[in-house]
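Please look at the sequence and the 3D structure first.

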Amino acid sequence: NGVITGKFGRQGHPDLPGVYIDNSGLDFLTREGSEVYATFGGQVVGTTKMPGGLYMVVVAHGGYFTVYSKMVSVSVSNGQKVKTGQSLGVCGASRDGTGNFHFEVWEGKKKQNPQSWILK
């Protein structure tokens, strides 16, 4: 669970007038240490440690891919099959101690609005 703090697509920067952000997914604010779950069953095709020490997981679902990033740890490995709702890892902390993570959906190489892929 969490609150969407960054929506998909091009939008104005919240603090800098005239500056725009092109967000490839959704950003969430949640409790620090919250688990991140697979939105749909598939196969893990990538786990990567990103600059800054946080992790990203990519799951393939046929011709679609979901991307989960800003995690402090992952609990899956490349090639592993995952089920809908299975834990992929733990989200990282913001500067204020709250949790945050980023979620994307791709159809092949085309960005999709991930809003419909999340549980309400």
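Which residue in β12 is the bridge partner of V105? The partner is Q112.

This is a predicted model, in which local features need pLDDT of at least 70 and side-chain atom pairs count only at pLDDT 80 or more, while totals for chains, interfaces and linings use all residues. Residues are numbered from 1 along each chain as its sequence is written, and side-chain values use heavy atoms, with hydrogens and water left out.

Helices (H or I, at least four residues) and strands (E, at least two) are DSSP runs, numbered from the N terminus. Two strands pair if DSSP finds at least two bridges between them.

| Strand | Residues | Bridges to β11 | Direction |
|---|---|---|---|
| β4 | residues 26-30 | 5 bridges | antiparallel |
| β8 | residues 64-74 | 6 bridges | antiparallel |
| β10 | residues 87-93 | 2 bridges | antiparallel |
| β12 | residues 110-112 | 3 bridges | antiparallel |

Single residues show how these pairings are arranged. N100 in β11 is the bridge partner of L29, and N100 is also the bridge partner of G92. Y68 stands opposite F103 in β11. β11 and β12 form a hairpin with 2 residues between them. In the turn, G108 has a positive phi of about 60 degrees.

Buried means under 20% relative accessible area, exposed over 50%, and partly exposed in between (1.4 Å probe, protein chains only).

**The nonpolar core**

A nonpolar core is a set of buried Ala, Val, Leu, Ile, Met, Phe, Trp, Tyr and Cys residues joined through side-chain atoms within 4.5 Å. The largest one has 17 residues, of which V59, Y68, V82, L88 and F103 touch the most other members. β4, β7 (55-61), β8, β10 and β11 are the elements that give two or more residues to this core. β11 gives the most, with 3 residues.

Contact means heavy atoms within 4.5 Å. Leaving aside residues up to four places away in sequence, L88 touches V36, Y37, A38, V57, V59, Y68, M71, S73, V74, S75, V76 and V82.

**A residue with positive phi**

Most residues other than glycine have a negative phi. K70 has a phi near 75 degrees, a positive value in a residue other than glycine. K70 lies in strand β8 and is partly exposed, with a relative accessible area of 32%.
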